[in-house]
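The following account is an explanation of a protein structure, written for a reader who has the sequence and coordinates at hand. Please keep the structure in view while reading.

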Amino acid sequence: MEMGWIRYLRQRQVLVFFVLLGISGVGAELGPYSVVEEMERGSFVANLGKDLGLGLTEMANRGARIISQGNKEHLQLKVQTGDLLINEKLDREELCGPTDPCLLYFQLLMEKPLEIFQAELRVKDINDNSPVFSEREMILKIPENSPLGITFPLSNALDLDVGSNNVQNYKISPNSHFRVLIRKLSDGRIYPELVLEEELDREEEPEIVLTLTALDGGSPPRYGTARVRLEVLDSNDNAPEFGQPIYKVQIPENSPVGSLVVTVSASDLDSGVHGKISYTLFQPSEDISKTLEVNPLTGEIRLRKQVDFETVMSYEVDIKATDGGGLTGKCTLLLQVVDVNDNPPEVTMSALTSPIPENSPEIVVAVFSVSDPDSGDNGKTISSIQDDLPFLLKPSVKNFYTLVTTRALDREERAQYNITITVTDLGTPRLKTQHNITVTVSDVNDNAPAFSQTTYTLRVRENNSPALHLGSVSATDADSGANAHVTYSLLPPQDPQLPLASLVSINADNGQLFALRSLDYEALQAFEFGVRAADRGSPALSSQARVRVLVLDDNDNSPFVLYPPQNGSAPCTELVPRAAEAGYLVTKVVAVDGDSGQNAWLSYQLLRATEPGLFGVWAHNGEVRTARLLSERDAVKHRLVVLVKDNGEPPRSASVTLHVLLVDGFSQPYLPLPEVAAAEAQADPLTVYLVIALASVSSLFLFSVLVFVAVRLCRRSRAASAGRCPVPEGHFPGHLVDVSGTGTLSQSYQYEVCLRGGSGTSEFKYLKPIIPNLQFQSPGKEVEENASFQNNFGI
């Protein structure tokens, strides 16, 4: 049953594709059909399939259904056979009241393709109601001198049936004075009158009681009775007479309660009590009694309730004037209700399709009808929707309209439309009705995911913990539902040597990137890979973005001292002649740092010394120089501890121990340190041979250095005429010097730093070794250079 219902809903949605194809057949009429009231539910009315010439299954395939006015399902259609059946018992009196014939209008709607057939059902009356008198007892006061042939109107009986089943005849019980005369009104109703056929004698018979019987025309006929009590009065030979027999009056339906309809007036030639007139409504129906009231003294007729043109268009009632002697006169009031535009149009939605797929042109969205119970221009309507919507109203048949799209819709541009159908009548003032419908646009996978940026750059510090969150990529999809559900994946790396699968992973749901292992800046400084974002549409759409990961250096490497070597079996001893002047280059501490940037910027400082103030270390290059002139009082052996520190955060450092030996000249034999001498005394002959060989090599090396220095000094003296490179007298502008990011390693241990004069960048211009030349330097120059050296050390 559930699947059948779903198929039925889908068939109704497919209706929109066939609306315009069936226009040529719309508007035909069926019937008329007739049925007797009070028939049981399910009673057969007609076979619409035969009337339309359709097969047994064709009506079901075309989606035939009945549309009744007022949304009351009086009829039902059995689409398998085409039979039109009674859906509920029909009471003609409830449906139509006194209106005859009683017609019910309905439409047969074929959805595939759209066809609408007009039809009417006539409900026939049966004699199921008996005549009923509104007054069970009627009292007439008749003067005894009433002339023969005078008539006395009696209350008529009401029968809810119509036609021949309504009241057709009246009878009076047998008597010698009266007979019944039947009068017919303009609306077809009849009422009885008593006709005096024999003079009355109050002294002989002061009261006469008769039975009035009303019979309808049914077979068998039904009847109702009332008692007529006649009181014979003393002589009153003039009855009231109205100025005009018929009063025709028009009144707008929006007249308030209490409005004056008309004033009737009657006169009586009698005097006294017999000439005093009172006015009453004569035999009013229940509806008229609720609508009109008459002032018994003045004859003013006013509204008791507001009239409605759409319910009752006119009223007809008799006004009776009775004098004090019981004589009566009668006139007729014809009240015409004038229509006022007091009913807004009504919109009845027959079919609505929502949601509708995007990218599909000219789809029928809704089918509806418009009605207005007013008359004339008050009942004519104009329908419209907003101008800024991609929809169009097309008139169909007999106040039916279809709402169609004017172009293909784009859900990403707008996913929902609130459409206001405005229906305005042509009355004065104009009334309008607005019916709001909401049409949603279903999504089609026509948008690929879009990354927020084409290239992402992520930075991560080395030595990270595994599963560290590196960052995220983000892509959005303008579609909805599964078409907008984005999943992320890594693309194969362009470099086949890059082990991407072991470096990073991506969360498929949110695009978060994680490091799978700890990264080492010294091994891998950067790598790049692609990310793919795909939706779950059918077919799936995707896009790509590039991610570049930069590994940031961490200060995880301490400085490493290359010179003097720290892994030798015996410490390296530096020889310094006692004749060395201040600023003499004793040695150069050479260190490197595996890090980069400021983590590899090294600085040097003298941590401990045997004799403070004798030696100094340049902070930028690790050169160890004499801080002053040596004297005979200075000790022969000195032990210096130099601290090498990088500029990381926190900084890392290393220390190196220097052994300095003061000699009178390079020809002075090498004096080992006490600890070295002790070691040599205990060494085996092979160690002694190695020490001798090392001393020989050192002597040869020093001799080569002296020759090289002499050559450089000669070149320097020749270049003095062309200008001399000034030695800076202050500290270096920067705190640290980084040589190619690998520390402060250099080829030459003894060199002069010459800075470009006036340069803001303080770049190296050239390097050349310097050795104090005691033979060729003047005392003034010696003092000048010593002061320059001391300034550079800050002493």
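The paragraphs below proceed from the chain as a whole to its nonpolar core, its disulfide, its aromatic contacts and its backbone geometry.

The model is a predicted one. Its protein chain has 795 residues, of which 42% count as buried. The secondary structure of the chain comprises 9 helices and 53 strands. When contacts between residues at least 6 apart in sequence are considered, 69% of them join residues at least 24 apart.

The interior may be considered next. In soluble globular proteins, nonpolar side chains tend to be buried together. The largest nonpolar core of this model has 27 residues. Within that core, the residues with the most contacts are Phe242, Val261, Val264, Leu292, Ile301, Ile319 and Leu333. Several strands each supply at least two residues of this core, namely strand 18 (246-252), strand 19 (260-263), strand 21, strand 22 (292-294), strand 23 (300-303), strand 24 (314-322) and strand 25 (328-338).

With neighbours within four places in sequence left aside, phenylalanine 242 is in contact with Tyr247, Val264, Ser265, Ala266, Tyr279, Ile319, Lys320, Ala321, Gly329, Lys330 and Cys331. Two of these partners, Val264 and Ile319, are also named among the core residues with the most contacts.

A disulfide is a covalent bond between the sulfur atoms of two cysteines. A search of the whole structure finds 1 disulfide. It is formed by cysteine 96 and cysteine 102, whose sulfur atoms are 1.8 Å apart. The angle about the S-S bond is 65°, and the link of cysteine 96 and cysteine 102 is right-handed. Are the two partners buried or exposed? Cysteine 96 has a relative accessible area of 17% and is therefore buried; cysteine 102, at 0% relative accessibility, also counts as buried.

The aromatic side chains provide further links. A pair of aromatic rings is described by the distance of the centres and the angle of the planes. The count for this model comes to 8 aromatic pairs. One of them is the edge-to-face pair of phenylalanine 152 and phenylalanine 178, with 6.5 Å from centre to centre and 75° between the planes. Phenylalanine 152 belongs to strand 10 (residues 151-153) and phenylalanine 178 to strand 13 (residues 178-184), so this pair ties together parts that are 26 residues apart in sequence. Both phenylalanine 152 and phenylalanine 178 are buried.

A further edge-to-face pair is formed by phenylalanine 391 and tyrosine 417, at 5.3 Å centre to centre and 80° between the planes. Because phenylalanine 391 lies in strand 30 (residues 391-395) and tyrosine 417 in strand 32 (residues 416-425), this pair ties together parts that are 26 residues apart in sequence. Phenylalanine 391 counts as buried at 5% relative accessibility, as does tyrosine 417 at 2%. Elsewhere, ring pairs link Phe451, Tyr456 and Tyr488 into a cluster. A contact between a charge and a ring occurs at tryptophan 618, where the charged end of arginine 625 sits over the ring, 5.4 Å from its centre.

The backbone geometry remains to be described. Lysine 112 and proline 113 are joined by a cis peptide bond with omega of about -10°. Proline 113 is located in the loop between strand 6 (102-111) and strand 7 (114-124). A cis peptide bond also joins glutamate 649 and proline 650, with omega of about 0°; proline 650 is located in the loop between strand 50 (637-646) and strand 51 (653-663).

Positive phi values in residues other than glycine deserve mention as well. Glutamine 283 has a phi near 50° and is placed in the loop between strand 21 (278-282) and helix 5 (286-291). With a relative accessible area of 17%, glutamine 283 is buried. Asparagine 399 has a positive phi of about 65° and is found in the loop between strand 30 and strand 31 (400-405). At 43% relative accessibility, asparagine 399 counts as partly exposed.

Key:
Residues numbered from 1 in each chain as written. Predicted model: local features only at pLDDT ≥ 70, side-chain atom pairs only at ≥ 80, totals over all residues. Heavy atoms only, no water. Helix = DSSP H or I, 4+ residues; strand = E, 2+ residues; numbered from the N terminus. Buried < 20%, exposed > 50% of the residue type's maximum accessible area, 1.4 Å probe, protein only. Contact = heavy atoms within 4.5 Å. Disulfide = S-S within 2.5 Å. Phe/Tyr/Trp six-rings, centres within 6.5 Å; stacked < 30°, edge-to-face > 60°. Lys NZ or Arg CZ within 6 Å of the ring centre and 35° of its normal. Core = buried A, V, L, I, M, F, W, Y, C linked by side-chain atoms within 4.5 Å.
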